[in-house]
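Hi,

Here is the structure I promised to pass on. Have a look at it first, then read my notes below.

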Amino acid sequence: MIQISKYNTADREGIRRICFETGFLGGSLSGIVDNREFFLDLATHYFLDLDTTGLFVAKDGDDVAGYLFVEEDKKKHDTALIRYYALRVMAEIPHFWKFSGRDARYYFGVFKAWLRRDYFFSDFREYPAVLHINIAEKHQRSGIGSKLFAVMFDHLRAENCPGAQLQTTSANEKAVRFFTRHGFVELVSRDSTFYRAYGRSSVRNIVMGCKINVHSDRR
C-alpha cells in the first residue's frame, strides 16, 4: 500500500534513482549522460541538500515510488540554484577531461540552450511556488501523482500560497495531460533548441500554473 510522508534521509538514493530514470523527456538518461552523479547533484541539490521542508515521498513499503518537491518562493529557489550551478561547474572544470563525449554533448547543449533563453526565469506573481514531481515508471498511472498533489495543495494552502508553477516539455505528453487534469494551465511556452541534437526538432519548453484557493478545500 502506498504511503505519503515527509522526506527521510533513507529516501535519498531512491529519489535520485527515479530522477535519473525519468530525467529525459520523462524517460531514462541512460545513454544520454554517463556521469550519473554529476547530473543528479545538479538536479536534486536544492531539495535534498538545501531545503527538504516541501519534499514529500510516496513509498510502497520501503521502496520509493515517487516524490514531489515544492518551494513557496520560486525566486529564492532560482537564485540558490544558479549560484550552485556556477560554483559546481567551476569546481568541475579541472575534471572535464574525465567527462565522456555524451556528457560534453549534453552539458554544452544545456549551456547553449540557456544562452538562447530556452529556459524560463519569469516572474509569474500569481504562481509564486515552484514544484517538481517524478513517479517511477512502474508506479505511473496508479494514482500516486494525485495523492502527492493532494498533499502539496494542502501544504500550500496552509502556507497561504496563492498558486504554483512547474516546467515541462510538449514531448512529455503524459505529464502535460496529468497536470491539466489537476488544474494546471499553460502560462507560456518556447521552442527548445536543446533537443534538436537528439532528433527532436519540435519540442517546446512549457510553464504551467495552477491557482490555489487558500480559503477552501476545493481545488
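First, a term you will meet throughout: buried means under 20% relative accessible area, exposed means over 50%, and partly exposed is in between (1.4 Å probe, protein chains only). By that scale, Val89 is partly exposed, because its relative accessibility is 32%.

Some ground rules. This is a predicted model, so local features need pLDDT of at least 70 and side-chain atom pairs count only at pLDDT 80 or more, while totals for chains, interfaces and linings use all residues. Residues are numbered from 1 along each chain as its sequence is written, and side-chain values use heavy atoms, with hydrogens and water left out.

**The surface patch**

Val89 sits in helix H3 (residues 74–92); helices (H or I, at least four residues) and strands (E, at least two) are DSSP runs, numbered from the N terminus. Together with Leu87, Met90, Ile93 and Phe96, Val89 makes a nonpolar surface patch of about 450 Å². Patches are made of residues with over 30% relative accessible area and no salt bridge, with like charges joined within 9 Å and nonpolar side chains (Val, Leu, Ile, Met, Phe, Trp, Tyr) within 5 Å. The areas come from the Shrake-Rupley method with a 1.4 Å probe, and for residues only the protein chains shown count as cover.

**The cores**

Now to the inside. A nonpolar core is a set of buried Ala, Val, Leu, Ile, Met, Phe, Trp, Tyr and Cys residues joined through side-chain atoms within 4.5 Å. The largest one has 34 residues, and the members that touch the most others are Ile15, Phe24, Phe39 and Tyr106. Two or more residues each come from helix H1 (12–21), helix H2 (36–50), strand S2 (55–60), strand S3 (63–71), H3 and helix H4 (101–115). H2 is the top contributor to this core, with seven residues. There is also a second, separate core of 27 residues, which includes Ile2, Ala58, Ile135 and Ile144.

Apart from neighbours within four places in sequence, Ile15 is in contact (heavy atoms within 4.5 Å) with Tyr7, Phe47, Leu48, Leu55, Val57, Val64 and Tyr67.

**Salt bridges**

Taking a salt bridge as a side-chain nitrogen of Lys or Arg within 4 Å of a carboxyl oxygen of Asp or Glu, the count is 17. In one of them, Arg16 meets Glu37 at 2.7 Å, N to O. That pair links distant parts of the chain, with Arg16 in helix H1 and Glu37 in helix H2, 21 residues apart. Arg16 is buried, because its relative accessible area is 3%, whereas Glu37 is partly exposed at 39%. Glu37 also forms a salt bridge with Arg36, where the closest N and O atoms are 2.9 Å apart. Arg36 comes out as partly exposed, at 28% relative accessibility.

Another salt bridge joins Arg204 to Glu186, with the closest N and O atoms 3.6 Å apart. Arg204 is in strand S7 (residues 204–211) and Glu186 in strand S6 (residues 185–191), so this pair ties together parts that are 18 residues apart in sequence. Arg204 is partly exposed at 28% relative accessibility, and Glu186 is partly exposed too, at 43%.

Through shared partners, salt bridges join Glu13, Arg16, Arg36, Glu37, Asp41, Arg88 and Glu92 into one network. Glu92 lies in helix H3 and is buried, with a relative accessible area of 14%. Leaving out residues up to four places away in sequence, Glu92 touches Phe38 and Phe99.

**Strands S4 and S5**

S4 and S5 run parallel and are joined by two bridges; two strands pair if DSSP finds at least two bridges between them. Val130 stands opposite Gln165 in S5. Strand S5 (residues 163–169) is largely enclosed by the rest of the structure, because six of its seven residues are buried.

Most residues other than glycine have a negative phi. Leu25 has a phi near 55°, a positive value in a residue other than glycine. Leu25 is in the loop between H1 and H2 and is buried, at 17% relative accessible area. Arg117 also has a positive phi, about 65°, although it is not a glycine. Arg117 is in the loop between H4 and strand S4 (129–135) and counts as exposed, at 63% relative accessibility.

Cheers
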